[in-house]
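Please look over the sequence and the structure shown below before reading on. The paragraphs that follow lead through a strand and its neighbours, and then through contacts between side chains.

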Amino acid sequence: YGPMQTVDANGMMLPQGFSSRIVARTDQEIGPRPYKFHVLPDGMGAFKADDGGFILVSNSEAPYIRGVAEIGTAAIRFDRNFNITDAYPILKNTMLNCAGGVTPWDTWLSCEEIETGKVFECDPFGIEASVARPALGVFKHEACAVDPVGKKVYLTEDLGDGCLYRFSPASYPDLSRGLLEVAAVSDDGQVSWVPVPDPQFTGVTPTRMQVPDAERFRRGEGMWYDDGIVYFATTQDDRVYALHCESQTLEVLYDGVALGST
């Protein structure tokens with residue numbers, strides 16, 4: 001997009017041709033209902049609406065506290081002119097919803113970042129109730145990305161010894177049943193996938209510890225699918241990875257530590 005320009009009135013440095021706007025602030029009401037915007041906004045996703053507008057969903061990385069912090073994810077609806085026309089919760093009473101991912105079938109996957117965290121499938125339009133998807137694993141989730149060609153869901157784990165996971169739905173795109181696997185990576189970057197014995201963590205061994213040969217990633221964070229590649233970042237070692245879905249090979253696209261970044 002080009003080099004960053006000088007700081008604008010909102011404190012943002014953006015490329016030429018871009019502008020910023022404050023959409024919402026914590027504890028301030030927005031929308032006609034109204035909705036008081038949640039604390040600790042985190043991962044977001046956008047969805048097209050039939051009227052030419054769009055919906056922006058936003059997680060709340062707050063612990064569930066009755067009467068204080070009850071929102072896991074909320075949605076803000078805009079018309080075609082970027083005016084806010086509605087705001088409403090789409091997931092409640094969950095814990096530390098950090099990131100997640102947009103699905104090709106227009107739902108939002110909201111991920112809990114706790115040791116017993118689950119993935120919740122949410123309707124950004126606020127019509128259908130949110131549904132827990134424990135088949136995608138019970139662990140300290142961060143983000144997920146859907147490969148619509150291979151019909152897989154990839155997931156990161158926000159721990160210094162976390163893993164990279166792959167979920168294969170039994171009947172795509174239904175996420176209620178399927179196979180959860182963890183990545184093992186050879187020296188040449190070839191990825192093999194090993195089934196997780198107890199993906200819902202019903203025993204005493206945490207999900208990430210159930211396969212001794214699983215590759216360890218230093219705090220897996222955001223991820224995104226584009227044109228056959230799943231990109232994801234790890235923040236403890238300042239890296240960006242690219243997983244090539246067809247060949248199942250993994251490469252490091254950016255290594256901030258090796259480059260001497262801070």
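A residue is called buried here when its relative accessible area is under 20%, exposed when that value is over 50%, and partly exposed in between. By this rule Glu221, with a relative accessible area of 13%, is buried. The model to which these terms are applied is a predicted one.

On one side, E12 pairs with strand E11 (residues 141-147) in the antiparallel sense, over five bridges. Within this pairing Asp147 has Lys152 of E12 as its bridge partner, while Val146 stands opposite Val153 in E12. The two strands belong to a hairpin with four residues between them, and in that hairpin Lys151 takes a positive phi near 60 degrees.

E12 also pairs with strand E13 (residues 164-171), again in the antiparallel sense, over four bridges. Here Thr156 stands opposite Leu164 in E13, and the hairpin that E12 and E13 form has six residues between the strands.

In general, the strands of a sheet pair through backbone hydrogen bonds, in either a parallel or an antiparallel manner.

A search of the whole structure finds nine of them. One joins Asp158 and Arg219, whose closest N and O atoms are 2.6 Å apart. Asp158 lies in the loop between E12 and E13, whereas Arg219 lies in the loop between E15 and E16, so the pair ties together parts that are 61 residues apart in sequence. With a relative accessible area of 3%, Asp158 is buried, whereas Arg219, at 32% relative accessibility, counts as partly exposed. Arg219 also meets the side chain of Glu221 in a salt bridge, at 3.2 Å from N to O, and Glu221 is the buried residue with which the definition above was illustrated.

Elsewhere in the chain, the side chains of Asp51 and Arg77 meet in a salt bridge of 3.7 Å, N to O. Asp51 lies in the loop between strand E3 (41-48) and strand E4 (54-60), and Arg77 lies in strand E5 (residues 71-78), so this pair ties together parts that are 26 residues apart in sequence. Asp51 is partly exposed, with a relative accessible area of 37%, and Arg77 likewise counts as partly exposed, at 22% relative accessibility.

A search of the whole structure finds nine aromatic pairs. Trp105 and Tyr172 form one that is edge-to-face, with 5.4 Å from centre to centre and 85 degrees between the planes. This pair links distant parts of the chain, since Trp105 is in the loop between strand E7 (97-102) and strand E8 (108-112) and Tyr172 is in the loop between E13 and strand E14 (174-185), 67 residues apart. Trp105 is partly exposed, with a relative accessible area of 23%, and Tyr172 is partly exposed as well, with a relative accessible area of 24%.

The rings of Phe217 and Tyr241 have their centres 5.3 Å apart and their planes at 85 degrees, and because planes over 60 degrees apart count as edge-to-face, this pair is edge-to-face. It links distant parts of the chain, with Phe217 in the loop between E15 and strand E16 (220-226) and Tyr241 in strand E18 (residues 239-244), 24 residues apart. Phe217 is buried, with a relative accessible area of 3%, and Tyr241 counts as buried at 7% relative accessibility. Finally, Phe54, Phe78 and Phe82 form one aromatic cluster.

Technical notes
Residues numbered from 1 in each chain as written. Predicted model: local features only at pLDDT ≥ 70, side-chain atom pairs only at ≥ 80, totals over all residues. Heavy atoms only, no water. Pairing = 2+ DSSP bridges. Phe/Tyr/Trp six-rings, centres within 6.5 Å; stacked < 30°, edge-to-face > 60°. Buried < 20%, exposed > 50% of the residue type's maximum accessible area, 1.4 Å probe, protein only. Salt bridge = Lys/Arg side-chain N within 4 Å of Asp/Glu carboxyl O.
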